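Trainee: Could you take me through one part of this model in detail? I would like a close look at the pockets, and at the ligand's surroundings in particular.

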Amino acid sequence: MNIDRLKRLTGNCLCALLLTACSSGTAETLQSPDGRLSLTAGVKDGCPYYSLAQGTETLINPSALGFILEDGPLDDNFRLKEVRHSTFDETWAQPWGEEVEVRNHYNELTLDLEERNGLKRRLSIVFRLFDDGLGFRYVFPEQENLKQFVIMDEKTEYAFPWDAKAWSIPTNGTKYYEALFTASPLSRKDTISTPVTLEVNDSLYMVLHEADLTDYASLNLTPGTNKQEKGVTLRAALTPWSTGEKVFAAAPFATPWRTIIVGKTPGDLMLSRLMLNLNEPCKLEDTSWIEPGRYVGIWWGMHMEKYTWAQGPKHGATTANTMRYIDFAAKHGFSGVLVEGWNYGWDGDWTENGDAFSFTKPYPDYDLKKLADYARQKGVRLIGHNETGGAATNYEQQLDSAYALYRSLGINAVKTGYVNPMLDHKELQHSQYGVRHYRKVIVTAARYGIMIDNHEPAMPTGLQRTYPNLMTQEGVRGQEYNAWSPDGGNPPEHTCILPFTRGLAGPMDFTPGIFNFRNPVFPGTHPQTTLAKQLALYVVLFSPLQMAADMVENYENQPAFSFITSCPTTWAKTIIPDAKIGEFVTIARKDRNSENWFVGSITNAEARTLELPLDFLSPGASYKATVYEDGEGADYKTNPYPMKITEEEVTADSILTLQLAPGGGTAIRIEKL
Ligand code: NOJ
């Protein structure tokens, strides 16, 4: 093979070139605690690399590591100075989550590298190998010849020996990560935002993402070929600043972790807590004020154009309307009422003029103090809404005054929003600029005892372990697309894909629970689900703050509503009895405060019958199962409403037969007798 062809195949990266062509070098090895996964890492002709295997099967061929800094490469002139091994095993508890206890068990290998000549700069690469995958990060130690530096490119590669079917959203052309995940061979993808989920075969699934995104740029990936006949190499492509640089840093400095989760089933990916384990432990001394819960809101009414955010005859955030929502919330056991459009700044083009937003000044027809008091008396809290129109600096300038006001009023949760493709009209949400801004919001909010629901975020990376007041985030094509999307709404397979893709990055504020599918504005656009599937989403899509998204009047006299009001939003345990990405998924979760279980099962456009063994229940105990299922003739296209609610006594030996209509679902509450 001539050198030019080799260069083309390896994307012109000198190190990748050397890895394919040279054999001299060091090779350190590391095994996962159960011995199933093994890592090899070292330096070959000055280039750091790693590879990953499962038993005798190669998962990742030798792949390049390193950087291009502003003043040149930092990836091809290293020698291995020191190798360190360690092991770690702890179990920690989540204040909220999909289970309580998380085991953090890994073997660690650190390569301390030093440049062979010249400036003799130092770089360490830390690998943590868990039973369920690999995390690695770069650490720039404090040193004489590398103080302030600028990363122009991260050279991390993932050289797969094969091509694989993968679900991802493209970086190019996607705003706010609100795109449909599509399945295609890796080789055919253009740009990829992580997480990207690979189905290599029916017993090998992998997901690539990152953990602990701190003061860095978000990870994207670009596919290219490699020396294997059908192999595909993914290369890191960090989100740039508007000026082209990727990251401004100063040593000592650590990058986010690059994560590779490996599972036998799609469910294994969902149950991996590798991303959380690679985040820092909780930094908040007191987390007792952090309260998962359910909320309603003056919200869908705007998307249905019944109300406006701005002032005028249809203003939604009025005192009277909000009192009505508070009454409803109190009556049905909701903890929060979100009110959008309560504050000055919405009149005119708010996405362009975000600087006009005030986060302390209510509109005249919204009596903030009176409403906060009224809510408190009723055992409900207002949820603040801070749409910024992307004007991050304007928001930062008001953070302290706004959060101090909310705290004084008993408001302990805020939904933030950044509807503008650029923050401050210049930087991308997922750039280092955006990442710094969102962190500032979360940390400031924690100081004031405020939980955050971040819309239009950078892609989540597990930061809720460190700051559990970061409850939930958007960064997903959510329910609102069923209000105004010109393509008619989210297709039925969308929510059968999300738990295995975007959901792996953290809780999603998808906002399920639309009961009235009539859309006066865009009659052809509405949820592409049955009513029963709207219920099942409360179990399938995890979010510790979970909205009942419809206008409250649409829940009156609806027997189905009783599932939502009984369904917890934080769990003691989660299991995934069965799933096929994009086709169907069944999830069972156990309540934290009782012996009750909740099941959600959803399908794509295909009707299907699923057997559900209840072997997760306690042996010997009896339970009452209340089943909310698609009724006679239910079909997401023609007849979404029919629903049957039945009760039966079950035990751990029972097997339920679930009949899911096209675009349908089943929701089950299982109460211990
Ligand atoms: C987009 C958010 O996702 C949506 O929930 C909100 O209503 C609007 N922005 C206005 O802030």
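**Pockets and the ligand**

Mentor: Happy to. By class, the lining of the second largest pocket comprises nine charged residues, five polar ones and five nonpolar ones. Keep in mind that this is a predicted model. Let me finish with this pocket before we turn to the ligand.

The second largest pocket holds about 370 Å³ of space. Its lining is made up of 19 residues, and Arg103, Asp132, Leu271, Ser272 and Arg273 are those nearest the centre.

Now for the ligand, which sits in the largest pocket. About 450 Å³ of space lies in that pocket, and 22 residues line it. Nearest to the centre of the largest pocket are Trp350, Val419, Glu456, Glu480 and Trp484. The elements with two or more residues in this lining are β24 (381-387), β25 (413-417) and α10 (481-484). Sorted by class, the lining of the largest pocket has eight charged, five polar and nine nonpolar residues.

For glutamate 340, a polar side-chain atom is 2.6 Å from an oxygen atom of the ligand. For lysine 415, an N or O atom of the side chain lies 2.7 Å from an oxygen atom of the ligand. For glutamate 474, the distance between a polar side-chain atom and a ligand oxygen atom is 2.8 Å. With a cut-off of 3.5 Å between N or O atoms for a polar contact, the pair at glutamate 340 qualifies at 2.6 Å, the pair at lysine 415 at 2.7 Å, and the pair at glutamate 474 at 2.8 Å.

How much of the ligand does the protein cover? On its own, the ligand has 300 Å² of accessible area, and the protein covers 95% of that.

Methods
Residues numbered from 1 in each chain as written. Predicted model: local features only at pLDDT ≥ 70, side-chain atom pairs only at ≥ 80, totals over all residues. Heavy atoms only, no water. Polar contact = N/O pair within 3.5 Å; in protein donor to acceptor, adjacent residues only side chain to side chain. Areas by Shrake-Rupley, 256 points an atom, 1.4 Å probe, with all protein chains shown as cover. 1 Å grid on protein atoms, 1.4 Å probe; cavity = no way out; pocket = protein on both sides within 12 Å on 5 of 7 lines; lining within 4 Å. Sits in = over half its atoms within 2 Å of the grid points. Points joined across faces, edges and corners; volume = space filled by probe spheres on them. Helix = DSSP H or I, 4+ residues; strand = E, 2+ residues; numbered from the N terminus. Nonpolar A, V, L, I, M, F, W, Y, C, P; charged D, E, K, R; others polar.
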